[in-house]
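This briefing covers the domains, strand pairings, helix packing and chain interface of the structure shown below. It is intended to be read alongside the sequence and the coordinates.

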Amino acid sequence: MLLTEQETKAFTEKILSFVKADDVSAGVGSDKLSHLRFAGNNILTSGNRVSRNANVTVWVGGKRGAASTNDLDDASLKDMVERAQKIAATAPVDREYMPTLGKQEYKPVNGYVESTANLSLSDRAKAIGSIIADCEKNGVIGAGFHATRVQAGGSLSKNGNFEYERSTNVSLSTTARTSDGQSSGYFLRSHFDTAKLDTKRIAEEAIRKALEGRGARTIDPGTYTVILEPQAVADLMGNLGFLFNARNAEEGRSVFSLPGGKTKLGEKMFDEKVTIYSDPWNAELPGSQSAQGGIPAQRITLVKDGVVETLTYNRFWAKQKGKEPTPGPVNTVFWTSGQTNTVDDMIKSTERGILVGRFWYIRPTDQRTASSTGLTRDGVWLIENGKIAYPLRNFRFNQSVTQMLGPGNVLMVGRSERVGGSEGGGSNASLLPALKLKAFNFTSQSEAV
Amino acid sequence: MNFSRREFVKTAGVAFGAAAVLPSWVYDAHAAGEALFNVNKDALADAALATAKRLGASYADIRINRYRLEAVNTRERQVLNVSSGQNFGFGVRVLVNGTWGFAASPLVTAEEVQRVTKEAVEIAKANAPYQKKKIDLVPTPKVVGTWKTPLERDPFEVPADEKTTSLLKINEAALGVAGVNFVNSSMAWVNEQKYLATSDGSRIEQHLVRGNPSFSATAVNRTTGDFQAVNSLREAQSIGYEYMSKHDWAAEAKTAAEHAVMKLTAPSVKPGKYDLILHPSHLFLTIHESVGHPTELDRALLWEANYAGTSFLTPDKTGKLQFGSKIVNFVADRTQKLGLASVGWDDEGVPGQEWNLVKDGVFVDWQTTRDLAKVVGRNKSYGCLHADSWGSVPFPRMPNVSLKPAAGNVSQDDLVAGVENGILIYGRGSYSIDQQRYNFQFGGQTFWEIKNGKVGGMLRDVAYQSRTTDFWGSCDGLGGQSTYEIPGSFNDGKGEPGQSNAVSHGCPVARFRNINVLNTASSPNAGQMEDDH
């Protein structure tokens, strides 16, 4: 069911042969998703899904139409093309039309591992059975989700650009709750190589957090020094890369906008310990070989030592502004040119602060300042005199993520590890460190566990 | 406003065997590509269910579904995208040794149905050794029937140029307002054609349509670097293309644009305690988050503990917990006209129905499915099982959860008249709530100061934060039927793998006393406010 490179080429060539248009881009994709969900120390649901899809975008006399289908037989592909052409026939002229790309050279990334694609049902069941047994042994109630996904597909343009990619991903998250419902722990990790997914660590961390979180106390909300574990950083920073959009900044509606149509490009907007880049060939976090618009992805640096180095231009906006389109981002790597510290170092150096393991339900409140609200979840601790003093009940926060990473507010940076935002459930990941931040705004308490 | 089930285009009857003669498939005969989806669903279903039974399944169902989507996106005076998509496939769910198994494929052929059914059974059998408590189902009557969303004009028959023209007219109305720099508009239309066959003998075909037009107008002050946006207040509904003519979208866009400009110079709210008047265009999302989700029984039983979360409500609180003030009554209703979650039957053959969740302020009942009902000792399901695709495992999803209006003819002005120091809020803004649904914070689109019983000027940077039962306990005024609207959410996420559900929340305008209001404009101490406890 998964498309090979040859099949991808054959299908996209066939779609193009059905089209009568000035310009065309055709794509096909395929995936296999296999998942197991457990809760209450019990199996909940489990399933496999295979799927395929095709899409086409046509331009006729500068007018654009797009259509898709998940049936790849000739009749369905012809029907898809007819729908796209019918839309183009009556559409207004596409003012942002850019000719499809001619042949490009892609440097392959290595994000596909055969053993991840072929994980057996019995091996997975055994691994989950072991986690449930560990939860029972420790007197906690376990829930979690294991998923493997394989994707393969590509595209072909009328101007001669063909690309094909395939990738794998396996993720496991576990929540452990004490039987009295007063404490909860969570841990999530993912990898493209199932051999590198440490299922034992995931279960142990979730159980440890639940057990150590018992007896949580209440303290007043306010501005605190915080230590954010990598999961908490991933939850907050998951969408940060999207903010670096040049068009929004130049149109005056972004955190990177300045009065008079200027932008913060080149400004030291972040702490000097902050460098953020995208690297398609990172060994731990392979990105896509293809960036926006199909241009070959390259390593790009968004923030270097605190300075905004890149705002991203799509092909249309780059042409309008006389710039080159940006070959990324295709992933997010947080790095520091200074020294790194462990979470233990961060705790030991803290007179009074709060350790946060995870954030939840984060939603933007003010685009002008990249501010969000959300809550802590599954593990918060008070730090006093260099030690964890006791667990805390949860807080709501209101915080600007750019101010959080602003000059002087980043006190320590950990070593980055592969971690994904928990609202994404392990479907995506970044390389992010633990952070010690001077000030973070908790605005109210939540009794939720 | 509740809609009688008799008014739906529906035929139904009790089937006494799987071989009962079915109505023809409810596909739109004029739809593009119709012939491509003309498979013998009954024969495929018979094969799947027989195979599942032979391999040891105590229960099985198969859904053969086709989904169509049309989307149009524009900005200012240009069309960004018009797309048409369709998706066809089937999913087989089996219960073997008290363990669920599921498999799905887009190849709707006899051979693939056999393969997928066997795969679903293999999955269930692989996991069964670790199933500590076996899954079981409450019974539901066999049924053969069809159901369609009532609509006047099929959006999939409306030409693309009519859709783009309609959106560009909205944009033009907004751009005609001095000071407005940007406008985005879009519409999305979904058509679900669903076939369900269960090993209980049910055979059901449903044809669901829903639409989600929306826009956003943005004003930028280039001198100060400030920008403010106002989004449309109308929300998604189960309705045909007549939605575009029944509401004056262009007039609303002009008003929204004027409000976006006004917002640039509106005073920033002073944090503190205020009485709130919440318009239905805003209140529906507060209901969704603080009432809809905590009354999902799967959350209370920890089934969502790893993702969406659990609930502050627990089975022992049923019929006892004071959820809100005595005027607060919430009904769950899968038959409500225009309701996004309205159906003839759910995805395991349980009829759409209406029941109380909160009555006279007391929490009285749950949202259930056949397996959940069994866990808590009920003998029937309320019909809340739903899958967002043929390829997704059906699981508990929210019905329309609606707040009943006041019996009398109470207007918004009547409620405002009783407020000395308050804020009137329209539209959905930022929304966030904890994993047990206690602590929430909601923004909106436009905010208006209320002083001494009168609505005054606009405010900005407003969000309110409260605790669910405190908030609903502070509700001391509801509008009457004339203020009632049925806004809804097109995409409500839940579950693992993540699924999207469309759901509506009918409500009147309502008044809440003494609620914490924050200022969301960021400063080094952004959002600092009094604790709410």
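In this predicted model, the C-alpha centres of domain 1 and domain 2 of chain A are 29 Å apart. The contact between these two domains involves 13 residues of domain 1 of chain A and 13 residues of domain 2 of chain A. On the domain 1 side, the elements that supply two or more residues each are E4, E5 and E6 of chain A.

**Domains of chain A and their contact**

- Chain A is divided into domain 1 (5–209), domain 2 (222–238 + 337–446) and domain 3 (258–331).
- On the side of domain 1 of chain A that touches domain 2 of chain A, E6(A) gives the most, with 7 residues.
- By class, that side of domain 1 of chain A has 7 polar, 4 nonpolar and 2 charged residues.

- Strand E5(A), residues 162–178, is mostly covered, with 14 of its 17 residues buried.
- E5(A) pairs with strand E4(A), residues 140–157, in the antiparallel sense over 17 bridges.
- Within this pairing, A:Val170 of E5(A) stands opposite A:Thr148.
- The hairpin of E4(A) and E5(A) has 4 residues between the strands, and A:Gly160 takes a positive phi near 105 degrees there.
- E5(A) is also joined to strand E6(A), residues 184–191, by 8 bridges, and these two strands run antiparallel.
- A:Tyr186 in E6(A) stands opposite A:Thr175.
- The hairpin of E5(A) and E6(A) has 5 residues between the strands, and in it A:Gly181 takes a positive phi near 70 degrees.

**Helix H5 of chain A**

- Helix H5(A), residues 199–212, has 14 residues, so at 1.5 Å a residue it should span 20 Å; its end C-alpha atoms are 20 Å apart, in agreement with that expectation.
- The buried residues of H5(A) are A:Ile202, A:Ala203, A:Glu205, A:Ala206, A:Ile207, A:Lys209 and A:Ala210.
- An α-helix has 3.6 residues a turn, so residues three or four places apart point the same way.
- The buried residues of H5(A) pack against helix H4 (121–137) and against E4, E5 and E6 of chain A.

**Interface between chain A and chain B**

- In the contact between the chains, 90 residues of chain A meet 82 residues of chain B.
- Strand E2(A), residues 42–60, contributes the largest share of the chain A side, 11 residues.
- The side of chain A that touches chain B has, by class, 41 polar, 30 nonpolar and 19 charged residues.
- Strand E3(A), residues 63–69, pairs with strand E3(B), residues 78–96, in the parallel sense over 4 bridges.
- The bridge partner of A:Ala66 in E3(B) is B:Ser83.

**Open sheet in chain B**

- In chain B, 4 strands form an open sheet in the order E13-E12-E11-E16, with antiparallel pairing.
- Its edge strands are E13 (362–363) and E16 (400–403) of chain B, each of which pairs on one side only.
- Strand E11(B), residues 330–333, runs antiparallel to E16(B) and is joined to E16(B) by 4 bridges.
- B:Val401 in E16(B) is the bridge partner of B:Ala332.

Conventions. Residues are numbered from 1 along each chain as its sequence is written. Chains are lettered from A and ligands numbered from 1 in the order in which they are written. This is a predicted model: local features need pLDDT of at least 70, side-chain atom pairs count only at pLDDT 80 or more; totals for chains, interfaces and linings use all residues. A residue is buried if 20 or more other C-beta atoms lie within 10 Å of its own, exposed if 12 or fewer, and partly exposed in between; C-beta atoms are placed from the backbone. Two strands pair if DSSP finds at least two bridges between them. Domain bounds come from an automatic or database domain assignment. Two residues are in contact if their C-beta atoms, placed from the backbone, lie within 7 Å. Ala, Val, Leu, Ile, Met, Phe, Trp, Tyr, Cys and Pro count as nonpolar, Asp, Glu, Lys and Arg as charged, and the others, Gly among them, as polar. The expected span of a helix is 1.5 Å times one less than its number of residues.
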